[in-house]
Structure formats: structure tokens, C-alpha cells
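Dear colleague,

Please find the structure below, handed over for your own work. My findings follow it.

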Amino acid sequence: MAGQVKMAAIPPGSPANAGGGAARASAGSDSKAAPMKRDNQTALRWRGARNLIPALLFLSLFFLAPLIGLLLRGVLEPTPGLGNYEQLFANSAYARVLFNTFAVGGLVTLISLLLGFPLAWVITLVPRGWGRWLLSIVLLSMWTSLLARTYSWLVLLQATGVINKTLMALGIIDQPLEMVHNLTGVVIGMSYIMIPFIVLPLQATMAAIDPMVLQAGSICGASPWTNFFRVFLPLCRPGLFSGGLMVFVMSLGYYVTPALLGGAQNMMLPEFIVQQVQSFLNWGLASAAAALLIAITLALFYVYLKLQPESPVASSTAR
Amino acid sequence: MLLSPNAMGLRLRIGLYLTTGAIAAFLLLPILFIVLLSFGSSQWLVFPPPGWTLKWYGQFFSNADWMDAALASLKVAVLTTVCAVALGLPTAFALVRGKFPGREFFYALFTLPMIVPLVIIAVAVYALFLKLGYTGTLFSFVVSHVIVALPFTIISIINSLKLFDQSIEDAAVICGASRLQAVMKVTFPAIRPGMMAGALFAFLVSWDEVVLSVMMASPTLQTLPVKMWTTLRQDLTPVIAVASTLLIGLSVLVMLIAAVLRRRNPASA
């Protein structure tokens, strides 16, 4: 116990430069006496870090190294330089892929926000039991196999599918609409998948709004519409923003749904990357596209984190 | 006031509820539809089906290709779960209990696979295994799945570990238990719901994984989603509806288990 007191006396900010001291880092270090002060100091600074090693090793070997390797290929193959990036922006077919990616991402975000908002709102409005049922539906659709849901849309939207047949039977259309293997299919299928990712954060934001604020608004003479647009909606903004941003980021990187429901005309970046690798063995161009996608994703995610300052690790430090 | 349904005005309220009902139906529609279709008798996926049958299930279960794929899926998912928990457990301990610089950074690092688009992870890992000559092996499947399952496991174990009061473990040590005994007999039972939730997430992520699996697959080894994927590109046979229903069924089952766990320990999942 004496050692522990001693170690506690060491100022936490002092430099730890004991050679090889990190190897001694262990969770149980505080029970040992302190024959070498510096080693213990390092041990204290790195207490428990040893437990990180297995996962860190795994991740470095199978995730980080391949990822860095991939990014390097973008500037090394076929010849060193920025040729791949030049191609990506100069070639009109490739530029179109970029445009498609953003257009679909934006459209999907907009639609899932429009559909997610009323759902999240009603979940906060109705009695708890009903709200729980609605939330279960949202969670069910979120956790149901992605491929199963995409297959379902493929069947539903096809020319002889239920939707076309119903619309024709009702006399709304007299020829089947082309809703699959084109932009419409991608947007329907992806918006469907993204709605839960809007509803969950938005509902959390709405549930945290103090009803008294809205009451105050109406007491002060705001009409319901004014109250909605000038009080309620601004208070929902954090949820709308983080949900929307998350969905936008996820949409940019989605592969399965666009690949199955989309057509050759509206390829997006992820499909483009796979195509370059599998069909054309053009690793350089694929890697450049991948680097671009990662850069956009991380930049947007950084903005997302800025909007949500809470980190699960930071809040655990106080013990 | 607009936020209380009673004061909202009848027409607005009905409008809002109808819209929500339609959106909820929209969320449920494809799921119910596919389950019903898997029992429908029409080869051409006509709805409503002319009759009900189990013949597509028969075809699924008597076809060696589909059965092999389902079995491979199960094997990969179980191995992924075991590895993800084995790697995630010490990591969560380090991130919650450890006192070392850069924990924020490490946390971000371990959740990075959740953020980087799957396609990019798939292509990168594929390139690695191509070089090593491991494509199409069980090893490549499990490794790639663990990469994306690990963040889920780590997060749910972190959550339950943060809820656990370490002074209880310390009390056990003071009462004479070794640290290892205390962790095994006191801490692990207490955080079991979080570990279970982490394991379930890992299982589900692996069970449903398409993108990585399609890149890793070989003619001799493919998981259920891969088999579905390749079949889908040829035709829309109702057998895929059967496979989908099985995927949905297992997801629902796992979700129910998670819900039960959550009820027992409200903040663990």
C-alpha cells in the first residue's frame, strides 16, 4: 500500500521517459512496491493499456494496413502520381458517377427526413404503449436483413409487381411504371432503409424538448403554426441535422441497394469501385475513388461529431 | 398548443396519424410481403398468390447449395461472434478502466470500421487476402466480419462496464479474492447482459453481411447472403423469398433476445 501512496504523489503531468517501461504496464501495477520510480511512473501512465494489444494488433493487421495499402495504390498504380485523381474528375463518365452519388445521397436524405419527421413526432405524441409499438416497427425494419428487404422491393417494384398492378387496376396508370433498375428504384429502396436512422435520433431530440417551452409560446400568443415553425422546429434542429448528416454519409457509401435496384445509367461511387476492381482490375482508379469517398465520409463525420460533443469514453473518466 | 394531440385540431390530428400509419405500413410492407410470398404457390411471385404452399421451403431445404450456404453462414457468424467478444472484452476493459493517454483516440480507432464505407473495407481486405492467397477461405470470411462486428461488441460491453460499480469488485478483493477471481466471479456476471448484447450484435452483423462476403466468396465457400446475391442476379425465384424469410426470422429472434436482455438490464444495450 505504501507504493500506492508514493505513486499517487508523482505529479501526473511529469514526463515519463523510462526506456522499456511500457512493457511493465499492467493493471495490477499498483500492488507492487516501487523499486524503480520511473518504471512505475510509466506503468501508471499506461495502466490497463496492455488489454488493448490483441484488438489493436488485429485491427492494424487486417484493417489499417490494408486500408493504407489501398490508399497508396491510388497514387502508385499504374504510374506514380496523381493521374488517377485527374481521370476521376476529367473523364465525364466518372464525373457523372460522382454527381450521381451526391444526387442520390441528397435525395435520399431529403425523403427520409420528410417521412421520418412525422413518424418521430407521433411517437413522442401518442401514449407510451403506442409509441413503443411504433418504435418496435422502426427497429424491426432496421434489423431485418438488408438483402431480404432489397429483394422485397425488387419484387414489389417490378413491372408485373403488386404496386404497378394495383395502380393499373385502380385506373391511375395504364402502363406499368418503370420503378426499378433506375434512379426511382434506388431512391425508394434507400430511403426505405434510411428512415430508421432519422427516426431514432430525431425522436430522442423531440422527447427531450420541454413541453413548457411550447406552452409558453402559445401563452405568449403564438398561433399553432407559429409555435411549430418558430419554437418546435428550431428545437428539433439538432436531431434533424445529425440524423440527416448520418443518412447522407451512409447513403454515399451504400453498395447493395443501389447495385440491385439501380441501373447502369446511375452508378454510384461504391459500385464504381467494385466494378473497377472486379471487372477491370484497375486498382489505381478504384483506390483513388476509395480515397475520395473516405475523405468525404470522414469530413462529414467530423462535422457530425462536432454537433454531438458527447463521447462514451470521455464521460467514463470520472470515477 | 400543437404538441398536445387534443389541442391540435381534429383534421390536423387525423391527418398526422394517417400519415404516420401509412409510413409505419411502408416500413412493414416489404417484410410482411416477403414472408407471405415465401408461402405463395406462384412461381412468378404474383400477389396475392393463387394458393399457399410449402414447396419453396422444400426446394430450399433439399438443395445442397442453399443448405451449404446456410450452414456456412451459421459457422461464420458463430466464429465471428466468438472472436469479436474475445477481442472486444479486453478492449472495453482497457478503454473504461485504463488510465492512459489517447483513450479518445483509441476509441475512435476501434469504431472507425463503423464509419468507413463497407465497400472500401471489402476491397482493401480483398486485396490483402488476394496477396496472401487466402481468398474464399473460412479465415477470410471470419476476419473480415470481425472487423465490422468488433465496434458493436466493444460499444455494448463499454456501456455495461460503465454501469458496473468497480467498488464492488474492489470489495471482493479486500475480502480476499484475487483480482482475477473478483473479475471472473463478480464483474463478468454483472456485465453479462452487455456481453450478450455485444455477442448478439456481432452475430447479426455477420449473419446479414453481404458486401464483405461477396468479395470474400469463392465457388466452394459462400454464405447465405452471397448465395442470395448471386441467385438474385439471375432471377427472382421464390426460393430467395424463403432464404429472406429465414434471414428475417433469425434477425427477429435475435432482436427479441436483445429486448429481453435490455428489460433485465435497462442500459446495457
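In what follows, two residues are said to be in contact when heavy atoms of theirs lie within 4.5 Å. Please also keep in mind that this is a predicted model.

Setting aside neighbours within four places in sequence, Thr237(B) is in contact with Tyr151(A) and Thr231(B). Thr237(B) sits in the loop of chain B that runs between α10 (224-232) and α11 (238-264). Its relative accessible area is 13%, and because buried means under 20%, a residue with such a value counts as buried.

Chain B also carries an annotation. An unreviewed UniProt entry lists residues 70-258 of chain B as "domain: ABC transmembrane type-1". Over residues 70-258, chain B is 83% helix and 0% strand.

Turning to chain A, the secondary structure consists of 14 helices and zero strands. Read from the N terminus, the elements of chain A therefore run α-α-α-α-α-α-α-α-α-α-α-α-α-α. Chain A has 319 residues, of which 48% are buried. Among the contacts in chain A between residues at least 6 apart in sequence, 67% join residues at least 24 apart.

One part of the surface deserves a separate note. Ile68(A), Leu72(A) and Leu76(A) make a nonpolar surface patch of about 280 Å². Of these residues, Ile68(A) lies in helix α3 (residues 53-76) of chain A. Ile68(A) is exposed, with a relative accessible area of 51%. A patch residue must have over 30% relative accessible area, and Ile68(A), at 51%, therefore passes that cut-off.

Finally, the cysteines. How many disulfides does the structure hold over all chains? There are zero. For Cys220(A), the reason is distance: the closest cysteine sulfur, in Cys236(A), is 19 Å from the sulfur of Cys220(A), which is too far for a bond. A disulfide would need the two sulfur atoms within 2.5 Å. Cys220(A) is exposed, with a relative accessible area of 71%. Cys175(B) is likewise exposed, with a relative accessible area of 71%.

Yours sincerely

Key
Residues are numbered from 1 along each chain as its sequence is written. Chains are lettered from A and ligands numbered from 1 in the order in which they are written. This is a predicted model: local features need pLDDT of at least 70, side-chain atom pairs count only at pLDDT 80 or more; totals for chains, interfaces and linings use all residues. Side-chain values use heavy atoms; hydrogens and water are left out. Patches are made of residues with over 30% relative accessible area and no salt bridge: like charges are joined within 9 Å, nonpolar side chains (Val, Leu, Ile, Met, Phe, Trp, Tyr) within 5 Å. Accessible areas come from the Shrake-Rupley method with a 1.4 Å probe; for residues, only the protein chains shown count as cover. A salt bridge is a side-chain nitrogen of Lys or Arg within 4 Å of a carboxyl oxygen of Asp or Glu. Helices (H or I, at least four residues) and strands (E, at least two) are DSSP runs, numbered from the N terminus. Buried means under 20% relative accessible area, exposed over 50%, partly exposed in between (1.4 Å probe, protein chains only). UniProt positions are given in the numbering used here, feature names are shortened, and annotations may be inferred rather than shown by experiment.
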